[in-house]
Amino acid sequence: MEASKDKQSFWGHLDVLRAAIVRIVAVAVVFGIAAFCFKEKLFAVVLAPKNDGFITYRLFNRIAAWAGGETGSFTVQLINTGLAQQFIIHMKTALCAGVLCASPYILYQLFRFVSPALYANERKYVVRVVGGGYAMFVFGVLVSYFLIFPLTFRFLGTYQVSGEVANLITLDSYISTLLLMCLSMGIVFEIPILSWLFAKLGFLSADFMRRYRKHAIVIILVVAAIITPTSDVFTLSLVALPMWVLYETSIFIVNESIIRK
């Protein structure tokens, strides 16, 4: 089946794109307003990793107890240092939540805009790539929220050079670090999808990835250092390890995709 033969002028395409953008912005704003109104529920989710009762900490405490190790609680106090900072953070967090909730609709609108110009087989690949990419992005965000950020926060939030120096973490620092790490890990988890796409296009092979594995590890460490909001080795390792696992997974995916050609 060929792509749509309906011809539109440049201004016609621009009008369609503008209408799609208006709908996207409207839906994102509606979700953002809803998230803003449900402040308590929103920040119950956002601030959950700072409490020692968070599911990740409970799980690791059970593992430690089963292994005969020590378990314990911790307390980290968040503070606000700006007059309007809490209100600004509330709006920023609600906007991010709105965009995240509206993301399936955003992808749908973008696909509707480009699909008339695609052939049937191209639409099939686009649906696979976009669907798989979105699923991996969400999975990366969840891994960051439930694993990487909580462990990073617990380590850095309770680390002290001296008992005389208390840790008072600003709310802005907490939210910014959480958002940055979730966004970064969501993007990092696109590595298998991009590798599969490049393999299908003939730009990448499993042998090439194996041959340059050592170079890839160095690049992974550099990228992890760039996207890590802190400079400690612990956080760097937490970010670099999933990236290395994704790279090894990508080698398998690329090899399978070439075999099935």
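**Reading salt bridges and helices in a predicted model**

Visitor: Let's start with one side chain. Is Lys92 buried, exposed or partly exposed?

Guide: Lys92 counts as partly exposed, because its relative accessibility is 30% and that class runs between 20% and 50%. Keep in mind that this is a predicted model.

Visitor: Which residue does Lys92 pair with in a salt bridge?

Guide: The general idea is to look for a side-chain nitrogen of Lys or Arg within 4 Å of a carboxyl oxygen of Asp or Glu. Here the partner is Asp172, at 3.9 Å from N to O. Lys92 sits in helix 4 (residues 85-114) and Asp172 in helix 6 (residues 171-188), so this pair ties together parts 80 residues apart in sequence. Asp172 is partly exposed too, with a relative accessible area of 32%.

Visitor: How many salt bridges does the count give?

Guide: Four. Another of them joins Arg213 to Glu248, with the closest N and O atoms 2.8 Å apart. Arg213 belongs to helix 9 (residues 213-227) and Glu248 to helix 10 (residues 233-259), so parts 35 residues apart in sequence are tied together. Both ends are partly exposed: Arg213 has 28% relative accessibility, and Glu248 has a relative accessible area of 23%.

Visitor: What separates Arg210 and Asp207 along their helix?

Guide: About one helical turn: they are three residues apart in helix 8 (residues 206-211). Arg210 counts as partly exposed, at 36% relative accessibility.

Visitor: Which spans does UniProt list under "transmembrane region"?

Guide: The unreviewed entry gives 20-38, 59-81, 87-108, 129-153, 173-199 and 211-228. Residues 87-108 are 100% helix, with end C-alpha atoms 32 Å apart. Residues 173-199 are 93% helix, and their end C-alpha atoms lie 40 Å apart.

Visitor: And what share of the chain is buried?

Guide: Of its 261 residues, 33% count as buried. The accessible surface is about 16300 Å², with 69% of that belonging to carbon and sulfur atoms.

Visitor: How far apart are the mean positions of the positive and negative charges?

Guide: For the 22 positive and 14 negative charges, the mean positions are 8 Å apart. For scale, the C-alpha atoms fill a box of roughly 70 × 50 × 30 Å along the principal axes.

Methods
Residues numbered from 1 in each chain as written. Heavy atoms only, no water. UniProt positions renumbered as here; feature names shortened; annotations may be inferred. Helix = DSSP H or I, 4+ residues; strand = E, 2+ residues; numbered from the N terminus. Buried < 20%, exposed > 50% of the residue type's maximum accessible area, 1.4 Å probe, protein only. Areas by Shrake-Rupley, 256 points an atom, 1.4 Å probe, with all protein chains shown as cover. Lys, Arg positive; Asp, Glu negative; His and termini not counted. Charge placed at Lys NZ, Arg CZ, Asp CG, Glu CD.
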